[in-house]
Amino acid sequence: MAVMRCAYQVCGLVLLTLLLLASLPSTTLAAATLKARAANAFGRERISINAGWRFQRFTSNPDSLSYNTLKSFVLPSANDFVAGSKKQRPSGAAPGSDVKFVQGSFDDSSWTQLNLPHDWAIKGPFGAPGVSGGMGKLPSNGVGWYRKNLSFTADDSKKTVYLDVDGAMSYAAVWLNGKLVGGWPFGYASFRLDLTPYLKVGSDNILAIRLDNPTDNSRWYPGGGIYRNVWLVKVDPVHVGQYGTYVTTPKVSAQSATVNLTVTVENTGTDAKQVDVVTTIHPIDASTGQSGTEVATFPKASANLKGGAKQSLSGSITITNPALWGPVPAQKPNLYLARTTVSTKDGTPLDTYETEFGIRSITYDINKGILVNNQAVRVQGTCNHHDLGSLGAAFNIVAARRQLEALQEMGSNALRTSHNPPAPEFLELADKMGFMVLDEIFDCWSQRKTTNDFHLIFDDWSEPDLRNFLRRDRNHPSIIAWSIGNEVGEQGSASGGTIASRLKGIVQAEDPTRQITAAMNAASAGSAMAQQIDIPGLNYQGEGTGTSTNSAFPAFRKQFPNRMLWTTESSSAVSSRGVYMFPVTSANSATVGDNSGGNPSAMQVSDYGLYATSWGSSPDKVFEQQDKYPYVAGEFVWTGWDYIGEPTPYNARSSYFGIIDLAGFKKDRFWIYQARWNPTVKMAHILPHWTWPNRVGQVTPVHVFSSADEAELFVDGKSQGRIKKAAQSTYRFRWDKVTYQPGEVKVVTYKNGQEWATETKKTAGDAVGLKVVAEKNVTGIYADGVDLAFVSVAVVDKDGALVPGASNTVTWKVEGAGEIVSTDNGDATDMTSFGSLSRKVFGGLGLAIVRAKGTGEIKLTVETAGLKAGSLTLVGK
């Protein structure tokens, strides 16, 4: 499997290639994003145009345009992804040419100047009119216009010039020099438009992009704006097409691997051309991201292309002793590069196109689950929405990598892209870091979930969106299956089978190497939809919804004895970091409520990790139920990180589902998952904290998470008993009758009779100051517009210990060559703008995200009334 990536020339421009060295530390990574890999690149330029846009958002329609008026001109943009009859662009003038925002004469100097990626809603304020808590209460709605001036040379006029947009939310329409080029309505799709007919030589080409984000268009926070990267691609008229390579590895062993390649070459010119196509294979050095010496070459293929024609050429080679791609930690995510060169018959190179790929096999075993390279790998996955916390939907590779690194530390090896295509760079990170990916496209089909969601355009766009998604992503070795839907309304009806069959047919036509799944929370084993799904994906049904242990696994196993099963969504446990409610349930799972782990006045949920939604379960119950059915391939937990919107069970700003909170601080559940998923880590984690001035003399249960098989708790040196692990699926040790007194609690754990891990928690003293620390002790930030530093502040006592109940309002100040992009504290109820430099800490902790504006010192100071200030100096470089 492979990931397509174009070779390109620098041409004196700073290019955000993003990901060439994603296996390196984030500071090194950020520097690498500025480097273009231009070696042996001919004829092709891929140029970032993220910088220097003008933007204006309107809360009411400023131009009388709408998707309905633009639709007939936008639909032809998807013709390359439609198998049947194509849409013809109407004759005559296209709408919008008279709108002032598309004109070169329009004065946009009063508009906001910014760089992409951009999320227009994330700075708030919260409480946006007409925007529900489900969508995060932020102003994601409205019409947004973006304008940018482009320059083209006489040489450019001889080329084909494309606009590549990795993601724009939503109903994008694009004009160049006052002419409507086309558009794409699905906000999560990447798309390409041909600018060639509309450009002119000179520096006064006006590119204008209109977005239209309605209210009630999502169940979670969608963001607003051009929130992913945007590129100009300049190529010879004869070139490798969009997503123009497809690599498969049908036979794989440690000794040899068969690699098949299909290359699609197109001629956008008018003259016929005869060309040769040659592809060489190179290993990629994981430590540098650079390709090495050629190890194989596909036989030369030739094409005779008429003007306007495309031709696909296929070849096959064998690589001996291949370095296989596989998920960590048991395997290594080795990658190769396929370099495809298109040349004239006399050897003049016209185009070079690069494809990163991995050699690996995937088997869907009905008893062992997923086999990668014939090794069983249990799916230890999480579901995650696309926002990056206080950065919003605007994609940033450093922030995305931070999220994945935390999940990997926990022991997670799989990601579900809930419930939409991710940024291309997200998948490249997964490839390089060794995650498996369940790549998902639709949250709804024809039946709506919200008034203005994808159901409005499903009939017109489900085919092109699905084909586009598959061709873009199918070369990623990390992807192990495709998901065609999440909890769609058609689950129980005959139409569910009909639509699933059509979508499955598209997947099989575009990528027959992987199976499809769908996340089903209500479909029975006998439903028409379930009949069409290669891997029945069960949301909560397998473990039993709520407190029930009535599992759907046996029914699906009986109905589909030759199909692998897995849990596409599990748990839906909810909690607020560092908040604990008493009394604590004695059950291993309880439904959250006002007297069951929930505090409706504070809108917080206990962090004991035992409380879940009415359909969900605690991790403890999920583990127990999964282990009853060892043929189940594993689970994707809802969710790895908190996200903006869907604030169940209270009407807050963001979710309570995350194992990690919105700011990136770990909730207690992190350690129970680490105990199960990363059991070789010598860890014992005590909860709750041990600072309870209002609970002296009251019962305060102490729980410990560990992969150990025995644990002994000591309170102020006195043993509370040594407990043996109750069952193989148990990772929680409970002492539920401990009475609180100030002092300390200590646990000593044992595995196989030997001491395993210990932890001690002490009562914190009075707060005296603030401690400021950069994550991973980062001291420098590259001034590239991409690199970030994540800096935490903690309220501490005289010994430097966290004061867990602190809620001081802190104010951040920055001097020198940097800026604070956003702040957060992980509190789902905090309606302070993410752009504010003052906010309360939550559970004693707060976060600032810092970016360098240039080279030199960046001094951060954090202050709060009555305590000693904290400071930290970073360096922009």
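How many of the 14 residues of α3 are buried? Eleven are, so helix α3 is largely enclosed by the rest of the structure. The legends below start from there.

This is a predicted model, in which local features need pLDDT of at least 70, side-chain atom pairs count only at pLDDT 80 or more, and totals for chains, interfaces and linings use all residues. Residues are numbered from 1 along each chain as its sequence is written, and side-chain values use heavy atoms, with hydrogens and water left out.

**Figure 1**
Helix α3 covers residues 397–410. Helices (H or I, at least four residues) and strands (E, at least two) are DSSP runs, numbered from the N terminus. Among the buried residues of α3 are Ile397, Arg401, Arg402, Leu404 and Met410; buried means under 20% relative accessible area, exposed over 50%, and partly exposed in between (1.4 Å probe, protein chains only). The end C-alpha atoms of α3 are 20 Å apart, which agrees with the 20 Å that its 14 residues should span at 1.5 Å a residue. That expected span is 1.5 Å times one less than the number of residues in a helix. Look at the N-terminal end to find Asn396 as a cap: one of its side-chain oxygens lies 2.9 Å from the backbone nitrogen of Val398. Just after the helix, Gly411 takes a positive phi of about 110°.

**Figure 1. The second largest pocket.**
This pocket has a volume of about 1000 Å³. Its lining has 38 residues, and Phe665, Lys666, Trp671, Leu802 and Leu845 are the closest to its centre. The lining divides into 14 nonpolar, nine polar and 15 charged residues. In this count, Ala, Val, Leu, Ile, Met, Phe, Trp, Tyr, Cys and Pro are nonpolar, Asp, Glu, Lys and Arg are charged, and the others, Gly among them, are polar.

Rolling a probe the size of a water molecule over the atoms shows where empty space is left. On a 1 Å grid over the protein atoms alone, a cavity is a set of points where a 1.4 Å probe fits but cannot get out, while a pocket is an open set with protein on both sides within 12 Å along at least five of seven lines; lining residues have an atom within 4 Å of a point. Grid points are joined across faces, edges and corners, and a volume is the space filled by probe spheres set on the points. The count comes to eight cavities of 30 Å³ or more. The second largest cavity holds about 320 Å³ of space. Of the 24 residues that line this cavity, Phe186, Tyr188, Asn217, Asp453 and Phe454 lie nearest its centre. Twelve of the lining residues are nonpolar, eight are polar and four are charged.

**Figure 2. Salt bridges.**
A salt bridge is a side-chain nitrogen of Lys or Arg within 4 Å of a carboxyl oxygen of Asp or Glu, and the count by this rule is 42. In one of them, the closest N and O atoms of Glu45 and Lys159 are 3.0 Å apart. Glu45 lies in strand β2 and Lys159 in the loop between β5 and β6, so the pair ties together parts that are 114 residues apart in sequence. Another salt bridge joins Arg147 and Asp108 (2.9 Å, N to O). Arg147 lies in strand β5 and Asp108 in the loop between α2 and β4, so this pair links parts 39 residues apart in sequence. Arg147 is buried at 3% relative accessibility, and Asp108 is buried at 17%.

**Figure 3. Two threonines in strands.**
Thr567 sits in strand β29 (residues 565–571) and is buried, at 0% relative accessibility. Its side chain makes a polar contact with the side chain of Glu543 (2.7 Å). A polar contact is a pair of N or O atoms within 3.5 Å; within protein, one must be able to donate a hydrogen and the other to accept it, and residues adjacent in sequence count only if both atoms are side-chain atoms. Thr749 belongs to strand β40 (residues 744–751) and is buried, with a relative accessible area of 0%. The C-alpha atoms of Thr749 and Lys682 are 9.4 Å apart, although 67 residues separate the two along the chain.
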